[in-house]
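Please consult the sequence and the structure while reading.

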Amino acid sequence: MSPSFKLQYHFILIFLMALRGENRYLELREAADHDPFLLFGASLKRELAGAPLYHRALRCLDMLSLPGQFTFTADRPQLHCAAFLIAEPEEFITIHYDLVSIDCQGGDFLKVFDGWILKGEKFPSSQDHPLPTTERYIDFCDGGLSRRSIRSSQNVAMIFFRVHEPGNGFTFTIKTDPNLFPCNVISQTPSGRFTLVVPHLRQNCSFSIIYPVAIKISDLTLGHLNGLQFKNPSAGCGGIGDFVELLGGPGLDPSKMMPLADLCYSFHGPAQMKIGCDNTVVRMVSSGKHINRVTFEYRQLEPYELENPSGNSIQEICLSSR
């Protein structure tokens, strides 16, 4: 991993950790000035009809995890800006342009990307997303406000923008909608529990955890006979059309990660594994013939676990690239 990629990638880690730390508290505290009920939880705010809309300024490099209205106003030429948007796993994100004042002819731009992208590494990967990469970019300068609202295909999206003239900028509103069958997810937290369900659909779905983690799979239903097969470098699930794989690597794109284990048959666990990679992915491949389901728990590895990688399935191949 190049130094520049690693630096930018760790910006995401810092932002995600901030969601649980001081910056997250400040954002909630600021929002609570408009809606004191928000301190009881972001989910409660979404359920309160008519609650005041949360407002704040958007930074050139930013992470947004709450619905609300955000305004960017350039105080100087801002040429390389991006906002990472992340919702709960079971939510879509809708971005609505309220006001845009940029100079497209002068080199400004404002683009939404359906997913996250960093140095060519995409989530979801091209293999897992329903749209080709070119259609995942929605450029304001191509269509103006003819497409005022844009909805993501998963719980993450990005906004790229460049504004040359001080005083120019834009305002947009973020809302979230329920996603009954979330397919591709980036976890907001380093620990949790999730059930990934693919109901008779031919698609690949990935759950990404941007931390070294211990994973425990408690239940897997694939429509096959019971069994569990761990992967070696040359083996896999063969001709089986429905399976779950564990992937690990230093980047964002699951298609560029190392395959660590294949789970080819239904079973009732637990099956456990520690993965010392910067990013860990649980990926389900479905043929569309079955209702496939996998339930798993995960937690961030402690520093002492990473310092002593022998045993307990911690992947030394990941640790060597850190």
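## A pair of antiparallel strands

In this predicted model, Leu-246 stands opposite Ala-261 of strand β18. Strand β17, which covers residues 243-249, is joined to β18 by 5 bridges, and the two strands run antiparallel.

Strands β17 and β18 belong to an open sheet of 5 strands, in the order β13-β15-β20-β17-β18. The pairing in this sheet is mixed. Its edges are formed by β13 (185-186) and β18 (258-263), each of which pairs on one side only. In general, the strands of a sheet pair through backbone hydrogen bonds, in either a parallel or an antiparallel manner.

Strand β4 comprises residues 78-86 and is mostly covered, with 7 of its 9 residues buried. Two pairings of this strand are described here.

With strand β2 (residues 61-64), β4 pairs in the parallel sense over 4 bridges. Within this pairing, Leu-64 has Leu-85 in β4 as its bridge partner. With strand β11 (residues 156-163), β4 is joined by 7 bridges, and these two strands run antiparallel. Here Ala-83 stands opposite Ile-159 of β11.

## The chain as a whole

The chain contains 6 helices and 21 strands. It has 322 residues, of which 52% count as buried.

Among the contacts in the chain with a separation of 6 or more, 75% are accounted for by residues 24 or more positions apart.

Key: Residues numbered from 1 in each chain as written. Predicted model: local features only at pLDDT ≥ 70, side-chain atom pairs only at ≥ 80, totals over all residues. Heavy atoms only, no water. Pairing = 2+ DSSP bridges. Buried < 20%, exposed > 50% of the residue type's maximum accessible area, 1.4 Å probe, protein only. Contact = heavy atoms within 4.5 Å.
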